[in-house]
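This report covers a single protein chain and the ligand beside it. Please keep the sequence and the model open while reading.

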Amino acid sequence: MNYETVLTTCTYCGCGCGLLLEVLDGEVVGTLPQKDHVINEGGACIKGWNAHEFIYHEGRLKHPLIRKDNSFKEASWEEALEVVVTCLKKIKEENGPDSIAGLTSARCTNEENYVFQKWMRAVIGTNNVDHCARL
Ligand code: SF4
């Protein structure tokens with residue numbers, strides 16, 4: 001039996017609590033809050049304590065999905081990103097950058113949210129950026 005803990009950041013909200021995933025024989029079986037983490041100092045809310053449960057959930061999406069003929073088809077990341085790029089370029093060319101808005105998620109880290117708003121402003125060219133916590 002091989003047991004180890006792996007340091008990670010909780011993905012459930014933007015607080016960014018430090019968690020230790022308990023890994024038994026290569027399978028994540030539990031979560032512990034990191035004692036000396038600057039944010040949570042050994043605590044975690046109920047979501048953090050159970051953060052490992054979605055890893056092997058049967059309903060978890062593991063691949064991008066592209067809508068075709070009123071149903072979703074599994075696709076590679078390259079195919080999915082090509083669709084996104086093509087559609088965003090077309091919308092921007094036809095209607096301008098302010099016709100595009102970006103909504104990000106409290107389930108991303110602060111760093112991911114920062115990169116997203118930067119990308120919207122610098123690449124798309126709009127300030128239309130918001131976050132699910134304000135919806
Ligand atoms: S443990 Fe709770 S408060 Fe901390 S990041 Fe996760 S969801 Fe947010």
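## Model and domains

Domain bounds here come from an automatic or database domain assignment. On that basis the protein chain has domain 1 (3–54), domain 2 (61–95) and domain 3 (97–135). Between the C-alpha centres of domain 1 and domain 2 the distance is 33 Å. The model is predicted.

Three strands make an open sheet in the order 1-2-3, and their pairing is antiparallel. Strand 1 and strand 3 (27–33) are the edge strands, each pairing on one side only. From one strand to the next the twist averages 30 degrees. Strands of a sheet pair through backbone hydrogen bonds, in either a parallel or an antiparallel way.

Strand 1 (residues 3–9) and strand 2 (residues 18–24) run antiparallel and are joined by seven bridges. Within this pair, L7 has L20 of strand 2 as its bridge partner, and T9 stands opposite G18 of strand 2. How many of the seven residues of strand 1 are buried? The count is zero, and strand 1 is hardly covered.

On to the other pair. Strand 2 and strand 3 are linked by six bridges, again in the antiparallel sense.

## Surroundings of the ligand

Which residues lie around the ligand? They are C10, Y12, C13, C15, G16, C17, N40, A44, C45, K47 and G48. By class, the shell around the ligand holds seven nonpolar residues, three polar and one charged.

## Positive phi in two loops

Most residues other than glycine have a negative phi. E41 is not a glycine, yet its phi is positive, at about 45 degrees. E41 sits in the loop between strand 3 and helix 1 (46–49). Is E41 buried or exposed? E41 counts as exposed because it has 12 C-beta neighbours inside 10 Å, and the cut-off for exposed is 12 or fewer.

N70 is another non-glycine residue with a positive phi, of about 65 degrees. Its loop runs between strand 4 (65–68) and strand 5 (71–74). N70 has 5 C-beta neighbours inside 10 Å and therefore counts as exposed.

## R107 and its contacts

R107 belongs to the loop between strand 6 (102–104) and helix 3 (110–124). Why does R107 count as partly exposed? The reason is its number of C-beta neighbours, 14 inside 10 Å. That count falls between the cut-offs, since a residue is exposed at 12 or fewer and buried at 20 or more.

Leaving aside neighbours within four places in sequence, R107 is in contact with T11, Y12 and C13. Of these, Y12 and C13 are also among the residues around the ligand. R107 and G96 are eleven residues apart in sequence, and their C-alpha atoms are 29 Å apart in space.

Conventions. Residues numbered from 1 in each chain as written. Predicted model: local features only at pLDDT ≥ 70, side-chain atom pairs only at ≥ 80, totals over all residues. Helix = DSSP H or I, 4+ residues; strand = E, 2+ residues; numbered from the N terminus. Pairing = 2+ DSSP bridges. Axes fitted to C-alpha atoms, helices over the stretch in contact; angles between N-to-C directions. Near = placed C-beta within 6 Å. Nonpolar A, V, L, I, M, F, W, Y, C, P; charged D, E, K, R; others polar. Contact = placed C-beta atoms within 7 Å.
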